[in-house]
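Me: Hello! I am new to this structure and would like to learn how to read it, one feature at a time. Could you walk me through it?

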Amino acid sequence: MRRPIAVLMAAALFVAACGGGGPGATTAPPPFGFPREIAGITITEPPVRIISGSPTHTEILFAIGAGGAVVAVDAFSDYPAEADDLPHLDAFNPSVEGFAALDPDLVIVTFDPNDLVGGLGALGIPVLVLDAPATTEGVYKQMAEIGVIVGHGDGATALIDRMRSEIAEIVAGLPEAVEPLDYYHELDPTLFSIGSDTFLGSLYAMLGMASIADAAGGGYPQLSAEFVIAADPDFVFLGDSTCCAQSLETVAARPGWDSLSAVSGGRVIALDEALASRWGPRIVDLLGVIADAVYGEDR
Amino acid sequence: MTARRIPRPALVTAVVLAVGAALLGVLIGPAALRPDRVIAELLDRLPWVSIESGLSERQTAILFELRLPRVVLGLLVGAVLSVSGGAYQGVFRNPLADPYLLGVAAGAGLGATLVIVTVGSSSALVGVAAFLGALAAVAVAYGLGAAAGGRRTGSTLILAGVAVAAFLTAAQTFVQQRNTDIIREVYSWILGRLGTVGWREVALMAPYAAISITVVLLHRRLLDVLAVGEEEARTLGVRPERVRLIVVLAATLGTAGAVAVSGLIGFVGIIVPHTVRLLVGGSHRVILPLSVLGGGAFLVVADMFARTVLSPAEVPIGVITAFVGGPFFVLVLRNSQRTGAP
């Protein structure tokens, strides 16, 4: 059940790209306090029955201290453990009635496939649509917005400060780059990849790395096998090790791939798919894992 | 009067097209390999020839482990889909019949989706399940058609096929909706792909191709006899039901193999036989052999576009074939209405 998150995130990011704006573009930094208006619905006090429609927002809600107000999560939310114990709903193809039946006073989703905003809005239930941001600054903005709306602004501020300093520490510890490293990040075995212009790409960029998929215009292109091999990236990161059982061994066994220097040099790294597909508090962990793999743990 | 033997110019053209397409397919790709070096490297592999091509080890791997198997598989899959389409059109005497109309593709799709959901997309069972699904779909369509039409006439079979396909597609969509996590895997499979193939897939496909092409071609004269009429065929000692069953089985076997290695690649089975029919004539003795060559050439060229249009990103090959196939389909329809005969 982990693999889909990459798909969800890809879909959400795609929607974000089409919409022309991340969360920063949708709302100005909100003032504190209540009452406040969400999608035309006024709430007078902090929500106490929240449905989180994505694993990212589940992680954010719990990290800022609002976990106690979450009554249900989407099918892929599995972290933290308390969240996994809550009822799971299908947020990919959501049922307005199914959501309404849980009597929520706030719903957070990353995209709105079945017009939850309109359907639940008609019942007076506010729906917050927060799609994937393009950068870590967008992540902080989103966390701050959630914090204010659910009445945990302090928790959000603390979380953001902690993430900022931890990320700064990782980046400061990097060696001086002689020349930029390039990588191939694999979303699935049919060679869907990411460009440097994606959120995940922005994390790699912080570590001084550029995606070979930039030659395909960035975004989430499906690359030709012969292009990947001709590009001969310094590193291969597998975002499909859980879903599709990919590993250094399976990559090396693909036709022609044993000629990659990343394969012969053992620079094929299987990433935790949950880490590599959510823009929540644990992007710090992901950055750490990648930095360790690329520059060594005692960098 | 339609030609009974393949006109020499047509045969030469088809061979030149197939060889030319294969050569282009090997020469053109997202990794810029110098054409002269590619040709030198290919010649170097011939017995008693030794040429230093100047390709690096990695470039040689791209040529022999990625491009060449992809071109060979394109030839095989294109040939099988086309000859199967031509065979179905002959058996059912319906110009729009193709491997998709009898529910073959829908059955294969359901089988493959079930395996992707339960085991995973990298499992070798995907191919087996696609084959079983295809066979089951044809069996049901055939049985339904027989029960409804008494005799297995062309039109009842087609109707039964449409009903079976609709049912299986609904079942497949339902399974897919219940498992949103695999939607993209199923989706990329449905659109068809030659992108990640190697010699393993070629080896898988070769026996399917050999059997189905051979059997269909051996029956091409009998299909011509059937085209005259069932009663006439009977008086000539031909058993229409038997011929139909054998040809349908062979075409389905080939289609299932193609679906298993390359996903669902639509429209090839309609485009190619009809082009041959329009250009050369309506006899199966002409259409079927030329479809083998033309189908291979068409799919290799389509795959070349799939690799290069958005290079280095890929376009699903099914998108290319349908993009050409859609307008062509309309053209065939117009033409068959004007002449009044398929």
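**Reading the model step by step**

Reply: Gladly, and let us begin with a sheet. In chain A, an open sheet of 5 strands has the order E5-E4-E3-E6-E7, and the pairing is parallel. Its edge strands are E5 (88-89) and E7 (127-129) of chain A, each of which pairs on one side only. Please keep in mind that this is a predicted model.

Me: How many bridges join strand E3 to strand E4 of chain A?

Reply: There are 3 bridges between E3 (residues 50-52) and E4 (residues 70-74) of chain A, and the two strands run parallel. To see the pairing in the model, find Ser52(A), which stands opposite Val73(A) in E4(A).

Me: Which strand of chain A does E8(A) join by bridges?

Reply: E8(A) is joined to strand E9 (residues 209-211) of chain A by 3 bridges, again with the strands running parallel. Here Tyr183(A) has Ser211(A) in E9(A) as its bridge partner. Strand E8 (residues 181-186) of chain A is mostly covered, with 5 of its 6 residues buried.

Me: Now for a wider view. What domains does the assignment give for chain A?

Reply: The domain assignment gives domain 1 (4-168) and domain 2 (175-295). Where they meet, 23 residues come from domain 1 of chain A and 18 residues from domain 2 of chain A. On the domain 1 side, the elements that give two or more residues are helices H1 (4-19), H3 (55-63), H7 (136-149) and H8 (153-172) of chain A. H1(A) gives the most to that side, with 7 residues. By class, the side of domain 1 that touches domain 2 has 18 nonpolar, 3 polar and 2 charged residues.

Me: Is helix H3(A) mostly covered or mostly open?

Reply: H3(A) is mostly covered: 9 of its 9 residues are buried. Among them are His57(A), Glu59(A), Leu61(A) and Phe62(A). After H3(A) comes Gly65(A), which has a positive phi, near 95°.

Me: How should I read two helices that pack together?

Reply: Two packed helices are described by the angle between their axes and by the distance between those axes. Take H8(A) and helix H13 (residues 283-295) of chain A, which pack at an angle of about 5° with their axes 10 Å apart. Angles under 35 degrees count as roughly parallel, and H8(A) and H13(A) are therefore roughly parallel to each other.

Me: Which residues of H8(A) and H13(A) meet?

Reply: From H8(A) come Met163(A), Glu166(A), Ile167(A) and Ile170(A), which meet Val284(A), Leu287(A), Gly288(A) and Ala291(A) in H13(A). The residues of this contact divide into 6 nonpolar, 1 polar and 1 charged. An α-helix has 3.6 residues a turn, so residues three or four places apart point the same way.

Me: What does the secondary structure of chain B come to?

Reply: Chain B has 14 helices and 0 strands. Of its 342 residues, 53% are buried. Among contacts in chain B with a separation of 6 or more, 76% come from residues 24 or more positions apart.

Me: Why does Leu135(B) count as partly exposed?

Reply: Leu135(B) counts as partly exposed because it has 18 C-beta neighbours inside 10 Å, whereas a buried residue needs 20 or more. Leu135(B) lies in helix H5 (residues 125-149) of chain B. Not counting residues up to four places away in sequence, Leu135(B) touches Thr252(B) and Ala256(B). From Leu135(B) to Ile287(B), the separation is 152 residues in sequence and 25 Å in space, C-alpha to C-alpha.

Note on methods: Residues numbered from 1 in each chain as written. Chains lettered and ligands numbered in written order. Predicted model: local features only at pLDDT ≥ 70, side-chain atom pairs only at ≥ 80, totals over all residues. Pairing = 2+ DSSP bridges. Helix = DSSP H or I, 4+ residues; strand = E, 2+ residues; numbered from the N terminus. Domains from an automatic or database assignment. Contact = placed C-beta atoms within 7 Å. Nonpolar A, V, L, I, M, F, W, Y, C, P; charged D, E, K, R; others polar. Buried ≥ 20, exposed ≤ 12 C-beta atoms within 10 Å, placed from the backbone. Axes fitted to C-alpha atoms, helices over the stretch in contact; angles between N-to-C directions. Parallel < 35°, antiparallel > 145°, perpendicular 65-115°, else oblique.
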